[in-house]
Amino acid sequence: MTVELSEHQAEDYHQRYLTAQDGLKLAYREYGDTLAPGVPLLCLSGLTRQAGDFHNLACRLAHHGAQHGGTFGHRVLALDYRGRGRSAYDENWRNYRPEVYLGDILDLAAAANLPRLVIVGTSLGGLLAMALALQRPTLLAGVILNDVGPEIAGGGFDRIAGYVGTPAPQDDWQAAISYLRHLFSPAYPGLGEEAWLDMARNTFRPGNDGRLHLDYDLNLAKALKASPPPPDLWPLFGALRNIPTLAIRGALSDLLSPATFDRMAAEKPDLERLTVPDRGHTPMLDEIECQEAIDAFLARL
């Protein structure tokens with residue numbers, strides 16, 4: 001496999017690029033020192049999201065390290081899936097499927113020389129982490145699942161499917177914030193204005209028409225509708241049996257039910273769990289409860 005790398009420096013991180021095996025240009029952020037003593041992390045986002053969602057988490061872990069006696073500093077990578085963020089859009093929308101994402105992730109691990117890492121997987125990213133546990137278990141030193149499990153609650157799935165692929169051009173950042181509040185305020189009671197602005201900047205990008213547009217390929221909706229019914233995902237979760245895992249759930253989540261969260265603990269008795277108050281799908285991972293749980297988990301690794 002030949003993987004080409006290019007980069008430019010951004011504040012707090014390097015913006016890097018690689019060419020996947022099928023020739024598509026993929027983007028990822030890299031935080032911290034490549035020789036940092038802590039275990040490296042790879043952050044994988046939700047379906048329509050991008051690397052910027054992990055900025056606060058990545059900056060803290062790269063520059064401050066664990067706070068519970070663990071090693072200081074981690075190398076943190078955050079991938080833009082194909083069709084999201086700075087990654088190129090795929091001309092064949094049928095490539096927006098998990099098997100292709102897994103290939104892209106393995107391309108990145110090889111290109112960035114990451115023989116062993118911890119995956120932080122939010123929503124879709126967590127499902128991909130479970131699939132990697134089955135396909136490439138030796139790659140995973142640990143997994144952090146953010147508000148996702150082997151059963152997807154119908155209400156949450158229908159809510160997400162209802163807005164994916166719907167154009168939502170906005171006139172300015174305040175309008176973008178209002179749009180996000182309309183969609184997601186039940187999941188984030190009490191969220192501050194600065195956090196809403198961060199979410200907006202990781203959701204929209206300026207277009208040539210002077211308006212703000214969703215920062216992903218709207219053809220994702222076609223891929224989602226064409227996807228077959230999901231198989232039984234419990235065997236994927238079972239692949240984590242020998243891999244240290246922290247599972248995080250938003251107390252208000254409509255995607256990961258309390259019953260599924262409890263069954264996950266029953267199926268994997270050493271599973272570490274955290275429920276984050278006043279968060280739905282998904283916690284942002286910069287909540288104080290998440291910081292403490294993630295630091296402690298990484299320190300034990």
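Mentor: Let's start with Glu 30, which sits in strand β3 (residues 25-31). Keep in mind that this is a predicted model.

Trainee: What makes Glu 30 buried or exposed?

Mentor: Its relative accessible area is 2%. Buried means under 20%, so Glu 30 is buried.

Trainee: Which residues does Glu 30 contact, leaving aside its neighbours within four places in sequence?

Mentor: With those set aside, Glu 30 is in contact with Tyr 13, His 14, Arg 16, Arg 75, Val 76 and Leu 77. The side chains of Glu 30 and Arg 75 are joined by a polar contact of 2.4 Å. The cut-off for such a pair of N or O atoms is 3.5 Å, and 2.4 Å is within it.

Trainee: Where is His 74, and what does its side chain reach?

Mentor: His 74 lies in the loop between α1 (55-63) and β5 (76-80). Its side chain reaches the backbone oxygen of Val 39 at 2.8 Å. His 74 has a relative accessible area of 1%, so the label here is buried. Not counting residues up to four places away in sequence, His 74 touches several residues, among them Tyr 31, Val 39, Leu 61 and Leu 298.

Trainee: Why is Arg 82 called buried?

Mentor: Arg 82 has 1% relative accessibility, and therefore it counts as buried. Arg 82 is placed in the loop between β5 and α2.

Trainee: Which side chains make polar contacts with Arg 82?

Mentor: One is Asp 22, joined to the side chain of Arg 82 by a polar contact of 2.8 Å. Another is Asp 104, where the side-chain contact is 2.7 Å. With residues up to four places away in sequence not counted, Arg 82 also touches others, including Leu 24, Leu 26, Asn 95 and Tyr 101.

Trainee: How do you know whether α2 and α3 are roughly parallel or roughly perpendicular?

Mentor: The axes of helix α2 (residues 98-111) and α3 come within 10 Å and cross at roughly 75 degrees. Angles of 65 to 115 degrees count as roughly perpendicular, so α2 is roughly perpendicular to α3. Residues making the contact include Tyr 101, Leu 102 and Ile 105 of α2, with Leu 128, Ala 131 and Leu 132 of α3.

Trainee: And what is the relation between α5 and α6?

Mentor: The axes of helix α5 (residues 173-184) and helix α6 (residues 193-201) come within 9 Å, crossing at roughly 95 degrees. That angle makes α5 roughly perpendicular to α6. Among the residues that meet there are Trp 173, Ile 177 and Phe 184 in α5, and Trp 196, Leu 197 and Met 199 in α6.

Trainee: How many residues are in the largest nonpolar core, and which have the most contacts inside it?

Mentor: That core has 70 residues, and Leu 140 and Met 264 have the most contacts inside it. Helix α3 (residues 124-135) gives the most to this core, with seven residues. Leaving aside neighbours within four places in sequence, Leu 140 is in contact with residues including Leu 117, Ile 119, Leu 132 and Ile 243. A second, separate core of 28 residues includes Ala 51, Phe 54, Val 120 and Ala 293.

Trainee: What makes the backbone at Asn 113 and Ser 123 worth a look?

Mentor: Most residues other than glycine have a negative phi, and most peptide bonds are trans. Asn 113 has a positive phi of about 55 degrees although it is not a glycine, and Ser 123 has a positive phi near 55 degrees. Asn 113 is in the loop between α2 and β6 (117-122), while Ser 123 is in the loop between β6 and α3.

Trainee: Which peptide bond is cis?

Mentor: The bond from His 281 to Thr 282 is cis, with omega near 10 degrees. Thr 282 is found in the loop between β11 (272-276) and α10 (288-300).

How values were computed: Residues are numbered from 1 along each chain as its sequence is written. This is a predicted model: local features need pLDDT of at least 70, side-chain atom pairs count only at pLDDT 80 or more; totals for chains, interfaces and linings use all residues. Side-chain values use heavy atoms; hydrogens and water are left out. A nonpolar core is a set of buried Ala, Val, Leu, Ile, Met, Phe, Trp, Tyr and Cys residues joined through side-chain atoms within 4.5 Å. Buried means under 20% relative accessible area, exposed over 50%, partly exposed in between (1.4 Å probe, protein chains only). Helices (H or I, at least four residues) and strands (E, at least two) are DSSP runs, numbered from the N terminus. Contact means heavy atoms within 4.5 Å. A polar contact is a pair of N or O atoms within 3.5 Å; within protein, one must be able to donate a hydrogen and the other to accept it, and residues adjacent in sequence count only if both atoms are side-chain atoms. Axes are lines fitted to C-alpha atoms, for helices over the stretch in contact, and angles run from 0 to 180 degrees between N-to-C directions. Angles under 35 degrees count as roughly parallel, over 145 as roughly antiparallel, 65 to 115 as roughly perpendicular and the rest as oblique.
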